[in-house]
Amino acid sequence: MTLTEWGIKPALPMSDEQFELWQALVEVRIGITVTPSRRSFLEISLSTRMREIGLDDYETYYERLMSGPASSPEWILLTDRLTVQETSFFRHQSSFKLVEEHLKELIKDNGRHSINIWSAGCSSGEEAYSLAMLTDSLVEERGRKDVFYGVTATDISLPTLIKARQGIFAERRGATVPEGFRLKYMHQMPNHKDWQMNDAIRKRVAFSQLNLMDLERAPFSEMDVIFCQNVLIYFRRFRKRDVVTQLANRLAKGGILVLGLGEIVDWSHPQLERIDYPDTLAFKRVS
Ligand SMILES: C[S@@+](CC[C@H](N)C(=O)[O-])C[C@H]1O[C@@H](n2cnc3c(N)ncnc32)[C@H](O)[C@@H]1O
């Protein structure tokens, strides 16, 4: 049976010229590069959206988006469709282990009264809540009620942030949180299936929209931990380096930047040193 016989409409064909135009628009506004191997993903995403709004040619849709700002509701919706939101709690264990050791050191210092953490490209919140649960447990373990901590969680996708703020996760997803953390920091919803983060943890995480392409306008600094994983994989090398340098500039002295393994190569910063920790890609601000 063909797709049409199944009632599935194929994506509208896109000329090479159209592909180049869309590719440039997506890269300038979001940073991600749609390689020729992901062309069909672009065609399907755009065709689906165009059908929803009654358009059947790429030019008209392109004109419509170009005539409005990047903050237009249509662009916000399309951005959500063009980005990959896959995530999970405590996704990369070695990175979380490294953060745990770093936090323990910070909390040991009786002169320290605040810890600032940033999850950049936080998707639906699992990464940010994992960082908050981990920090909370360590602060409590050490009896440091005098330490204030907060997690800033940013993403380009507004619909994803709305979901993240609610802190509600399906049964299967909740089940992936280590039991000790789940029982302490989450509760089951009245449907006895979904899990929600407790208010005490939700209050520790501040979600806001931020495009990593506009980092110079972000009012963040003096971060003790910056976590940015699985976001820059579709960025071109020079953009990646720009973003990582800007993130590095937001670190406090002694702060750490934790990236995804292999996400950047041949990058260095005069004030940062690579942290030698197994199965991780992380840097520390030494001056
Ligand atoms: C695959 S998820 C990764 C989530 C989480 N960091 C993790 O590792 O599980 C990538 C996230 O990056 C966001 N993203 C993509 N381009 C972005 C940009 N230019 N600025 C900010 N966030 C972006 C997407 O919206 C998506 O939520």
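Helix α4 itself covers residues 73-82, and its buried residues are E74, W75, I76, L78, T79 and L82. The structure described here is a predicted model.

## The cavity

How many cavities of 30 Å³ or more does a search of the whole structure find? The search finds one. Rolling a probe the size of a water molecule over the atoms shows where empty space is left. The volume of the largest cavity is about 30 Å³.

The lining of the largest cavity is made up of V26, I32, V34, R38, F41, L42 and L82. Sorted by class, this lining has six nonpolar residues, one charged residue and no polar residues.

## Cysteines

A disulfide is a covalent bond between the sulfur atoms of two cysteines. How many disulfides are counted in this model? The count is zero. C122 is in no disulfide, and the cysteine sulfur nearest to it, that of C228, is 11 Å away. C228 is likewise in no disulfide, with the sulfur of C122 as its nearest, 11 Å away. A pair of cysteine sulfur atoms must lie within 2.5 Å to count as a disulfide.

Are these cysteines buried or exposed? C122 counts as buried because its relative accessibility is 1%. C228 is buried too, with a relative accessible area of 0%. The cut-off for buried is under 20% relative accessible area.

Terms used. Residues numbered from 1 in each chain as written. Predicted model: local features only at pLDDT ≥ 70, side-chain atom pairs only at ≥ 80, totals over all residues. Heavy atoms only, no water. 1 Å grid on protein atoms, 1.4 Å probe; cavity = no way out; pocket = protein on both sides within 12 Å on 5 of 7 lines; lining within 4 Å. Points joined across faces, edges and corners; volume = space filled by probe spheres on them. Nonpolar A, V, L, I, M, F, W, Y, C, P; charged D, E, K, R; others polar. Buried < 20%, exposed > 50% of the residue type's maximum accessible area, 1.4 Å probe, protein only. Helix = DSSP H or I, 4+ residues; strand = E, 2+ residues; numbered from the N terminus.
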